[in-house]
Amino acid sequence: MVSNMDVFSQSKYLKFSVIILLLLNLILISFYFVNDYKQNNNNTYESNNPKDESKDVSSILERELNLTNEQSKQINELRNDFFKQEKVLAKKIRGFRDSMNINMFNKETDEEKLKYFAKCVANNEYQMELLRIEQARKFKLICNQEQREKFESLVREIKDYFKPKKPPKY
């Protein structure tokens, strides 16, 4: 037979244990949110939004190449057009890759379909590269010789500036 004191004593220990676990969980959750908040605030200059990057690159180009207002306008139009076309191609590529993944893991994998999807991905990637080449060609037409030479040295700096940072290790 269990005495009343044992039941009360066990109840106290259970309540105490629950409170300790609750406090530990709250501390852990708080630590997670504070760490996430700090990380987001430290990386405010980094962005995955192409429009933000576009503004950044545009301002760098204007300043470093000493672009005229007309040149800035033409380059911004060129970049906006590029981003629109790039978005369409990226959507196509993602669709073909999704279809390919679904087909790869079906019970009955259709090898011909897989090859077709792979070819579609490759063709659209190729179109993306042609789009980049065309953008560069048009960019050169907008700039004068001195600006093209200056841009040549800026290319590496701009690429490194927008290179994704390695995610932090936890």
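## Salt bridges, ring pairs and surface features

Glu 134 and Arg 137 are 3 residues apart in helix H4, so about one helical turn separates them. The two form a salt bridge whose closest N and O atoms are 2.5 Å apart. Glu 134 is partly exposed at 29% relative accessible area, and Arg 137 is partly exposed at 42%. These values, like the others below, are computed from a predicted model.

The structure holds 6 salt bridges. Three of them are listed here.

| Glu 64 | Lys 150 | 3.9 Å |

Glu 64 forms a salt bridge with Lys 150. This pair links distant parts of the chain, with Glu 64 in helix H2 and Lys 150 in helix H5 (residues 145-161), 86 residues apart. Glu 64 is partly exposed at 32% relative accessibility, and Lys 150 is partly exposed with a relative accessible area of 35%. Salt bridges with shared partners join Arg 63, Glu 64 and Lys 150 into one network.

Arg 132 counts as partly exposed, at 34% relative accessibility.

Phe 96 lies in helix H3 (residues 69-104) and Tyr 116 in helix H4 (residues 111-142), 20 residues apart, and the pair links distant parts of the chain. Phe 96 is partly exposed at 22% relative accessibility, and Tyr 116 is partly exposed at 49%. Ring pairs also bring in Phe 117, giving a cluster of Phe 96, Tyr 116 and Phe 117.

Helix H3 has 36 residues and reaches 51 Å from its first C-alpha to its last, close to the 52 Å expected at 1.5 Å a residue. Ile 102 and Leu 114 are 12 residues apart in sequence and 9.7 Å apart in space, C-alpha to C-alpha.

Asn 66 sits in the loop between helix H2 (50-65) and H3. Most residues other than glycine have a negative phi. Asn 66 is not a glycine, although its phi is positive at about 55°. At 63% relative accessibility, Asn 66 counts as exposed.

A nonpolar patch on the surface is formed by Phe 16, Ile 19, Ile 20, Leu 21, Leu 22, Leu 23, Leu 24 and Leu 26, with about 790 Å² of accessible area together. Of these residues, Leu 22 lies in helix H1 (residues 4-42).

How many disulfides does the structure hold? The structure holds 0 disulfides. Cys 120 is buried, with a relative accessible area of 10%, and Cys 143 is buried at 4%.

Conventions. Residues are numbered from 1 along each chain as its sequence is written. This is a predicted model: local features need pLDDT of at least 70, side-chain atom pairs count only at pLDDT 80 or more; totals for chains, interfaces and linings use all residues. Side-chain values use heavy atoms; hydrogens and water are left out. Helices (H or I, at least four residues) and strands (E, at least two) are DSSP runs, numbered from the N terminus. Buried means under 20% relative accessible area, exposed over 50%, partly exposed in between (1.4 Å probe, protein chains only). Rings of Phe, Tyr and Trp (its six-membered ring) pair if their centres lie within 6.5 Å; planes under 30 degrees apart count as stacked, over 60 as edge-to-face and the rest as tilted. The expected span of a helix is 1.5 Å times one less than its number of residues. A disulfide is a pair of cysteine sulfur atoms within 2.5 Å. Patches are made of residues with over 30% relative accessible area and no salt bridge: like charges are joined within 9 Å, nonpolar side chains (Val, Leu, Ile, Met, Phe, Trp, Tyr) within 5 Å. Accessible areas come from the Shrake-Rupley method with a 1.4 Å probe; for residues, only the protein chains shown count as cover. A salt bridge is a side-chain nitrogen of Lys or Arg within 4 Å of a carboxyl oxygen of Asp or Glu.
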